[in-house]
Amino acid sequence: MKFTDGFWQLRPGVTALYAQEAFDIEETDATADGPGLRITAPTAVITGRGATLNRPVLTVTLSAPREGVIRVRVAHHEGAPWHGGFDLPGARDGGAAADGAAEVGVDDAGGTVRSGALTARVAAGAPWSLSFEVDGRRVTGSGHKSAAYLRLSADAAVDHGIVGNARAETGVPDERVFVHEQLDLGVGETIYGLGERFGPLVKNGQSVDIWNADGGTSSEQAYKNVPFYVSSAGYGVLVNDPGHVSFEVGSEAVERVQFAVPGEVLEYFVIAGPTPGEVLTRYTALSGRPPVVPAWSYGPWLSTSFTTDYDEATVTSFIEGMAARDLPLSVFHFDCFWMREFNWCDFEWDPRVFPDPEGMLARLHDRGLRVSAWINPYIGQRSPLFAEAAAAGYLVRRRDGSVWQWDLWQAGMGLVDFTNPAATAWYQGHLRRLLGQGVDCFKTDFGERIPTDVVWHDGADPARMHNLYTQLYNRAVHDVLVEQRGAGEAVLFARSATAGGQTMPVHWGGDNTSTFVSMAESLRGGLSLAMSGFAHWSHDIGGFEGTPDPAVFKRWTAFGLLSSHSRFHGSDSYRVPWAFDEEAVEVTRRFSQLKMQLMPYLYQLGLDAAESGLPLMRPLWMEFPDDPAARYVDRQYMLGPSLLVAPVFTADGEVEFYLPDGRWTSLLTGETVDGGRWRRERHGFDSLPLYVRAGAVLPWGARVDRPDYDYLEGLRLRVFPGGEGQATVVVTSPDGRREEFVVDLSEVTG
């Protein structure tokens with residue numbers, strides 16, 4: 001959202017009031033986190049008593065909700081309604097200041113709030129200057145013409161596209177007001193995160209609207225919008241607003257990151273690093289950590305696909321085909337048409353194709369499989385549940401009291417109102433029935449196209465609910481799984497999310513296409529989501545729309561089976577490997593079995609993520625933040641701290657990738673090479689660049705047929721050259737047994 005016309009002027013119809021000075025700074029105990037600072041920032045420099053009259057001010061408060069995190073609140077009219085921020089579990093304990101973790105002080109030079117490694121420093125007087133330091137080093141700040149209150153005329157809102165499509169449903173009022181902040185960008189500073197975004201990994205130069213949309217992977221829209229970013233300068237920022245947040249990342253003002261929200265109040269958190277991992281650890285301590293997901297969920301998932309024809313015989317043929325070819329399979333997924341067309345959702349198996357669902361699910365369990373079923377939060381008009389839900393007040397309503405409906409996706413569908421506890425309990429009751437039949441987990445699809453011209457049961461602001469709806473939807477489903485299956489056994493396959501969504505894994509990348517280009521954009525989305533606090537991520541192997549040619553399928557299979565979670569799924573064609581060619585079967589077998597042997601490593605990464613918030617798949621820069629060459633790399637990734645994966649995006653096997661400094665060993669061939677350089681290699685379909693970091697110790701499992709086995713039985717520790725000193729490796733079996741191994745790296749010379 002752009003407000004200016006170049007450096008000097010505002011756009012027509014825009015007026016702006018900027019914080020010009022810290023007129024007074026006082027200590028206060030009245031912040032959301034206890035002790036902090038309250039700053040009166042007039043929108044002109046006060047030259048005398050008369051200058052205080054008819055002069056708007058911005059009230060800025062600083063406080064510390066926890067160690068290494070500082071909350072900044074900028075308000076024009078504090079008494080105006082604010083729809084509130086995210087439900088942040090890490091900000092409920094009374095603040096870091098309550099236990100002595102924060103220090104607040106005021107002197108002639110200004111005021112400071114210190115929380116661990118992070119210091120906020122506001123200078124007294126003019127010009128306005130609020131700076132942030134990590135370990136004593138200034139990393140960013142709000143300066144001249146940064147903090148502002150803006151008013152837009154109706155013409156400006158419409159003619160200049162400042163409001164945008166996101167708010168068009170409600171119409172444009174005569175005037176719109178916003179608060180924005182701008183934080184400095186240093187020379188060479190790069191920005192990451194802001195949700196699952198499929199454009200360049202580095203967000204500099206981009207305009208980003210935090211507004212969930214069902215736009216596929218090949219557009220600027222995103223299913224998972226998170227108003228949080230991580231900077232290469234050693235800090236992160238969370239804008240604490242679930243509504244429409246607009247970012248200009250070195251775009252409108254090329255020296256700054258700008259973020260703006262409608263209304264009278266803007267609140268954000270600055271989060272200390274200095275490393276990217278430390279930023280993510282503190283951010284997820286604030287917004288929520290992912291739970292442990294079951295070991296079986298890491299194995300291959302196979303789907304019916306979407307609009308294909310299938311019944312129990314089809315499903316059985318796929319499962320038997322996988323077994324006959326020695327292809328591991330963990331989960332079988334039933335997509336939308338397990339229910340009758342036009343009825344989504346009625347939570348009833350279509351009796352025309354699945355006349356004995358309980359028997360079928362029992363037979364799948366007898367084969368050692370888990371079962372996933374597709375759901376969405378909508379109730380089609382033809383569903384027998386529609387009239388019941390409408391009469392009970394379980395569906396979102398329009399302002400005139402009628403049920404909100406439209407014909408996009410399901411004819412006449414309504415939207416379950418999860419702000420209504422009774423509606424949530426009703427929806428969960430249907431899920432419990434399915435779990436009782438033998439379903440093990442749910443694919444929670446959709447949840448992005450949430451209207452704003454509606455009234456919610458609890459009176460929530462529709463602008464707040466647009467992005468936040470997915471949180472309530474996925475929470476309702478995840479809670480039932482925890483209740484029925486137990487902690488550590490609950491897993492979703494979710495498409496939409498916002499900040500905090502990482503607490504309900506797993507998420508997948510949505511609707512991609514069956515091309516190498518879409519394979520690459522999918523990876524960018526996953527890495528962007530990883531830098532937004534999400535530990536687990538998957539994507540549709542082979543692409544969703546269209547049918548991949550064998551080359552695309554085989555290359556994507558290697559990539560998919562070296563992701564945290566792996567699912568074969570398509571739209572109008574099946575994704576069983578033998579549908580492509582015999583080599584596709586061999587590639588699937590090779591990388592599926594490899595993933596099964598990596599399970600002691602991967603499962604431990606998942607356990608660690610529950611403690612640290614660190615993602616399993618991570619950008620190269622996250623592991624090598626001091627390597628400037630790693631900052632823009634978005635065609636490869638680290639799988640945990642030890643494995644570098646460079647998917648091949650070509651049919652002929654040509655691949656270019658970067659190895660950071662150090663000694664690297666190919667996991668597939670044993671070849672050892674020196675890093676600190678770019679490499680070009682050619683790989684067959686059964687191979688890709690998969691390199692192990694110097695001195696890594698990989699716990700190597702003994703089984704290749706399933707992901708959930710006793711990792712300690714037959715365990716091998718594979719020690720790779722180039723390390724020094726000792727390494728400690730922890731291996732935890734799915735049954736909870738844990739062993740710690742200490743390895744002397746100096747003895748490894750190979």
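1. Strand β16 spans residues 206–210 in this predicted model. One face of β16 is covered: Gln-206, Val-208 and Ile-210 lie on it.

2. The partner to look at is strand β19, residues 245–249. β16 and β19 run antiparallel, and five bridges join them.

3. The largest nonpolar core has 176 residues. Within this core, Phe-334, Tyr-427, Phe-442 and Leu-562 touch the most other members. Helix α7, residues 462–485, supplies the largest share of the core, with eight residues. A second core is separate and counts 48 residues. Among its members are Ile-25, Ile-70, Leu-185 and Ile-210.

4. Tyr-427 deserves a look in the viewer. Setting aside neighbours within four places in sequence, Tyr-427 is in contact with Phe-347, Ile-375, Asn-376, Pro-377, Val-416, Phe-418, Tyr-473 and Val-477.

5. Is Gln-604 buried or exposed? Gln-604 belongs to helix α11, residues 599–612. Its relative accessible area is 10%. Buried means under 20%, so Gln-604 counts as buried. Beyond neighbours within four places in sequence, Gln-604 is in contact with Met-599, Val-730, Val-731 and Thr-732.

Definitions and conventions
Residues are numbered from 1 along each chain as its sequence is written. This is a predicted model: local features need pLDDT of at least 70, side-chain atom pairs count only at pLDDT 80 or more; totals for chains, interfaces and linings use all residues. Side-chain values use heavy atoms; hydrogens and water are left out. A nonpolar core is a set of buried Ala, Val, Leu, Ile, Met, Phe, Trp, Tyr and Cys residues joined through side-chain atoms within 4.5 Å. Buried means under 20% relative accessible area, exposed over 50%, partly exposed in between (1.4 Å probe, protein chains only). Helices (H or I, at least four residues) and strands (E, at least two) are DSSP runs, numbered from the N terminus. Contact means heavy atoms within 4.5 Å. Two strands pair if DSSP finds at least two bridges between them.
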